[in-house]
Amino acid sequence: MDLTHTMYRLMPKITAEHIIKNKVKKKKVKNAAQVLSMTMGGFIHHHTKLEGYVNTIYGPLKMPEKRGQNTAEIILFFDQLFDSVNGHTLKPEKPLRVAISHNSPHFPFWQRALRRLQRMRFVDRKNKTQLRDINVLKNWISTIRGLRKLWIVLKPYEFKCLKPRVLNQDCLRHFFGQIRSFGMKHANPTCMEFESSFKTLLINNLTSPRTVENNSENKIDGPLLFTLREFIYAKSGCDDDSPEDLQTFDFEKPSDTTREDMNICNFIAAKILDDSRIKGCDTCKSLLTDTTKSELVSNNYLVKTFEKAGDILTPRMSRLCYTHHTAIMLETELYTHMDLRWLNCSQHSVPLKEFLVSFIVVFYIEKWCNNINNIFTEKEHDF
């Protein structure tokens, strides 16, 4: 546990804020969860069996066997208890950190945990008398009973699982705390002030690697919603005579992108018609371009298909952008929801559709990324 050798530390998350009394931050749930963890319990249990001493920065340390094993046992118990109310996925990270289901191990564990919690007591460190004004154990018992009852209520409605991690008020409490403290002046914000603060906090948190001043561990349980354009472009509803110190956003609608789409479609048509498998086919050329014009210009079918593809992909991009093989999944969406029967060349129907869908996805991803970068780098609008 030598804190001076970070490379060889067995518990890198444990810092002075976890174990040194005058440095411990109160009301930090994540610090308590990291101390009462399987890593800590296993470390203590292992070192109670070692002969001799362990060298630390505070000198030699010998863990008493009996007290060390008891400490490790209670730490491991609370680690399992935390896990049982912190599941968020059907694939268990640990035996109890999994969503509640019909055959999950939560219910037999909770039965044992209730009996154990009911026998626990907090005692005064000096005179060993029982402390009666602490509700931690009672709250744990209420939480377990509440989850068991909630599952009984949900079963008739054919719920297959329940993710207990989402059943908490921490996010809501933290959110309103940030709103009230935003700018050090919004203790009782109006609707207009609330909307302005919310937009600012939303963008700040999405562009930050972690939530500022968060009280719990940062976990990624799903896709981040990066499609902020519609939200940001929405009118704030602020009056012209609103206070100047309010941090409001007043964006204009984006300019017409028809010309940009036309240029992309022209490029796609040129690339497809230049491919060796399709090159020289008059039917394919008439399907993709306006043959009445001397220069290569895409026809209305191709432009409308590109616009339709954008409408299909936009609501799906936010939940696919963080996954592997994004392009393949977007192509599947287009094949499923888009009508490509107008590409009816008798010789090249299949490769024509493959080329078109592939190019549309490539250009859509590039266009989507550029739009997001413009929002985050403030190139398109001045805040």
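**Reading the model from Asn31**

Me: Which helix is Asn31 found in?

Reply: This is a predicted model, so local features need pLDDT of at least 70 and side-chain atom pairs count only at pLDDT 80 or more, while totals for chains, interfaces and linings use all residues. Residues are numbered from 1 along each chain as its sequence is written, and side-chain values use heavy atoms, with hydrogens and water left out. Helices (H or I, at least four residues) and strands (E, at least two) are DSSP runs, numbered from the N terminus. Asn31 sits in residues 29–35, helix α2.

Me: Is Asn31 buried or exposed?

Reply: Buried means under 20% relative accessible area, exposed over 50%, and partly exposed in between (1.4 Å probe, protein chains only). Asn31 has 9% relative accessibility, so Asn31 counts as buried.

Me: Which residues does Asn31 touch, not counting residues up to four places away in sequence?

Reply: Contact means heavy atoms within 4.5 Å. With the residues up to four places away left out, Asn31 touches Glu17, His18 and Lys25.

Me: How many helices and strands are there in the protein, and what share of residues counts as buried?

Reply: There are 14 helices and 2 strands. The protein has 383 residues, and the buried share is 34%.

Me: Among contacts between residues at least 6 apart in sequence, what share joins residues at least 24 apart?

Reply: The count starts with contacts at least 6 apart in sequence. Those that join residues at least 24 apart make up 60%.

Me: What kind of pair do the rings of Phe77 and Phe109 form?

Reply: The structure holds 6 aromatic pairs. Rings of Phe, Tyr and Trp (its six-membered ring) pair if their centres lie within 6.5 Å; planes under 30 degrees apart count as stacked, over 60 as edge-to-face and the rest as tilted. The centres of Phe77 and Phe109 are 6.2 Å apart and the planes stand at 40°, so the pair is tilted.

Me: How many residues apart in sequence are the parts that Phe77 and Phe109 tie together?

Reply: Phe77 lies in helix α4 (residues 65–84). Phe109 lies in helix α5 (residues 106–119), so the parts tied together are apart in sequence by 32 residues.

Me: Are Phe77 and Phe109 buried or exposed?

Reply: Phe77 has 5% relative accessibility, so Phe77 counts as buried. Phe109 has a relative accessible area of 5%, so Phe109 also counts as buried.

Me: Which residue lies over the face of Phe77?

Reply: Phe77 forms one aromatic cluster with Phe78 and Phe109. A charge sits over a ring if NZ of Lys or CZ of Arg is within 6 Å of the ring centre and within 35 degrees of the ring normal. At 4.8 Å from the ring centre of Phe77 lies Arg116.

Me: Why is the pair of Phe82 and Trp140 tilted, and which helices hold the two residues?

Reply: The ring centres are 5.7 Å apart and the planes are at 45°, so the pair is tilted.

Me: Is Phe82 buried or partly exposed, and what about Trp140?

Reply: Phe82 has a relative accessible area of 23%, so Phe82 is partly exposed. Trp140 has 14% relative accessibility, so Trp140 counts as buried.

Me: How do the axes of α3 and α4 run, roughly parallel or roughly antiparallel?

Reply: Axes are lines fitted to C-alpha atoms, for helices over the stretch in contact, and angles run from 0 to 180 degrees between N-to-C directions. The axes of helix α3 (residues 38–47) and α4 come within 8 Å and cross at roughly 165°. Angles under 35 degrees count as roughly parallel, over 145 as roughly antiparallel, 65 to 115 as roughly perpendicular and the rest as oblique. That makes α3, relative to α4, roughly antiparallel.

Me: Is the crossing of α3 and α4 left-handed or right-handed?

Reply: A crossing is left-handed if the near helix is turned anticlockwise from the far one by less than a right angle, and right-handed if clockwise. The way α3 passes α4 is left-handed.

Me: Where is Lys128, and what is its phi?

Reply: Lys128 is in the loop between α5 and α6. Lys128 has 58% relative accessibility, so Lys128 counts as exposed. Lys128 is not a glycine, yet its phi is positive, at about 65°.
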